[in-house]
Amino acid sequence: MNCLNGPLVWLSSNRLNRNSQLMKFATKAIHAGISPDPSTGSIMTPIFQTSTYVQQAPGDHKGYEYSRTHNPTRTVLQDNLAALENGKIGLCFASGMAAIDAIVKLLKPGDEVVSTNDLYGGTYRIFTKVFGRYGIKFRFVSMENVGDLHQHLTDSTKLVWVETPTNPMMNIVDIAGIAAITRERGILLAVDNTFATPFLQTPLELGADIVMHSVTKYLAGHSDVVMGAIVVNDERLGQELAFLQNACGAVPGPQDCFLVLRGIKTLHVRMERHCQNGKTIAAFLINHPKVNKVYWPGFEIHPNHRIALKQMKDFGGMISFTLKDNRTESAFTVMKNLRLFSLAESLGGVESLCGHPATMTHASIPKEEREKVGLVDSLIRLSVGIEDAEDLKKDLSAALDAL
């Protein structure tokens, strides 16, 4: 049945490996939702580079009609992602922003979204510059203390949006604590799990209704794909999002789905090294005389560190730090002199990256709003890769010495 004419009657969750819930994460990353190709025995999921599928008669087909609606390569990836998040329904989109777009389209004019006040600049932009024009209201608040959320919710609040760790301040939000409040009020809770990945935390198990990923980052892991994903447990919610996926058409191609499936097979190994290197680099930076503050959830002094211990398996490879003179020019000097940390948008690849959020990823957020959360002009965000940690330390040391 075409989604434009009625609700989806088939979702990828129907094809999930029944034993996936019994698998450990590393096994799920390689096997969950994935089977050898029945036509050839190929152990790798084929790239079904096709737009349409032959039918024996109208409506008599093998589960596929048109590749905007379903594609076999995408189906396998969606099943795999759902299993990793311990969810039932996975949906892939052409980008992380396309996934966010679908989530907000669940709402209607007059509805309100309460969001963390430290978040990716692109999310802030689509909230305020796109959906704000259609009568959906957005409020950005600190969620460091769960109890404070009550005062920000109204009868119009239909969605709470959480990043944890946040981008770029690495703030930790108590997912279970927020979920207890939203569940009582009948409000949807969506969690952007991009920085943590399901290897480090699984928001659905903590009470979230929706998990969103910029698959571009750690899940794909090799800086060669742009994609987004949503995972849910509720069948009705999954149907609504699948309808939007098909009706609006922001879907990824099979080649990209193949690349992500390949990347996910090493997600657990990569994340272990990202975490190890992140710990080493954070410890180096916090003791450097030219560094002012270091933001990394693994420090005991980091706000809500105890929550991170409870809801995360480890602390990840994302780090932000500021310089003592807090000058944009000084941040530029450091980044210009880095050799292994490449100056680039994005994060989560095997190679180390650095960025200047105030002029890059978060430039769309007004300066006064950025600085309220600590995003000052000298703040540098690092995506610590999986290179040798000692080489990364030497690279940072030489760049800081250039000041």
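A: Let's start with a helix. Eight of the nine residues of α3 are buried, so α3 is largely enclosed by the rest of the structure. Keep in mind that this is a predicted model.

Q: Which residues of α3 are buried?
A: They are Gly96, Ala98, Ala99, Ile100, Asp101, Ala102, Ile103 and Val104.

Q: What counts as buried here?
A: Buried means under 20% relative accessible area.

Q: OK, moving along the chain. Where is Asp111?
A: Asp111 sits in the loop between α3 (96-104) and β2 (112-116).

Q: Is Asp111 buried or exposed?
A: Asp111 is buried, because its relative accessible area is 6% and the cut-off for buried is under 20%.

Q: What does the side chain of Asp111 reach?
A: It reaches the backbone nitrogen of Lys108. The distance is 2.9 Å.

Q: And which residues does Asp111 touch, not counting residues up to four places away in sequence?
A: Asp111 touches Gly135, Ile136, Lys137, Ser156 and Lys158.

Q: New topic: peptide bonds. What is the peptide bond from Thr164 to Pro165 like, cis or trans?
A: That bond is cis. Its omega is near -10 degrees.

Q: Where does Pro165 lie?
A: Pro165 is in the loop between β4 (157-163) and α5 (175-185).

Q: What about the bond that joins Asn167 and Pro168?
A: The bond between Asn167 and Pro168 is a cis peptide bond. Here omega is about 10 degrees. Pro168 is found in the loop between β4 and α5.

Q: Let's switch to backbone angles. Is phi of Asn86 positive or negative?
A: Phi of Asn86 is positive, near 55 degrees, and Asn86 is a residue other than glycine.

Q: Where is Asn86 found?
A: Look in the loop between α2 (72-84) and β1 (89-93).

Q: Now Asn304. What is its phi?
A: Phi of Asn304 is about 65 degrees. That is a positive value, although Asn304 is not a glycine.

Q: What is the place of Asn304?
A: Asn304 is in the loop between β8 (291-295) and α10 (305-311).

Q: Why does Asn304 count as partly exposed?
A: Because Asn304 has 21% relative accessibility, and buried means under 20%.

How values were computed:
Residues are numbered from 1 along each chain as its sequence is written. This is a predicted model: local features need pLDDT of at least 70, side-chain atom pairs count only at pLDDT 80 or more; totals for chains, interfaces and linings use all residues. Side-chain values use heavy atoms; hydrogens and water are left out. Helices (H or I, at least four residues) and strands (E, at least two) are DSSP runs, numbered from the N terminus. Buried means under 20% relative accessible area, exposed over 50%, partly exposed in between (1.4 Å probe, protein chains only). A polar contact is a pair of N or O atoms within 3.5 Å; within protein, one must be able to donate a hydrogen and the other to accept it, and residues adjacent in sequence count only if both atoms are side-chain atoms. Contact means heavy atoms within 4.5 Å.
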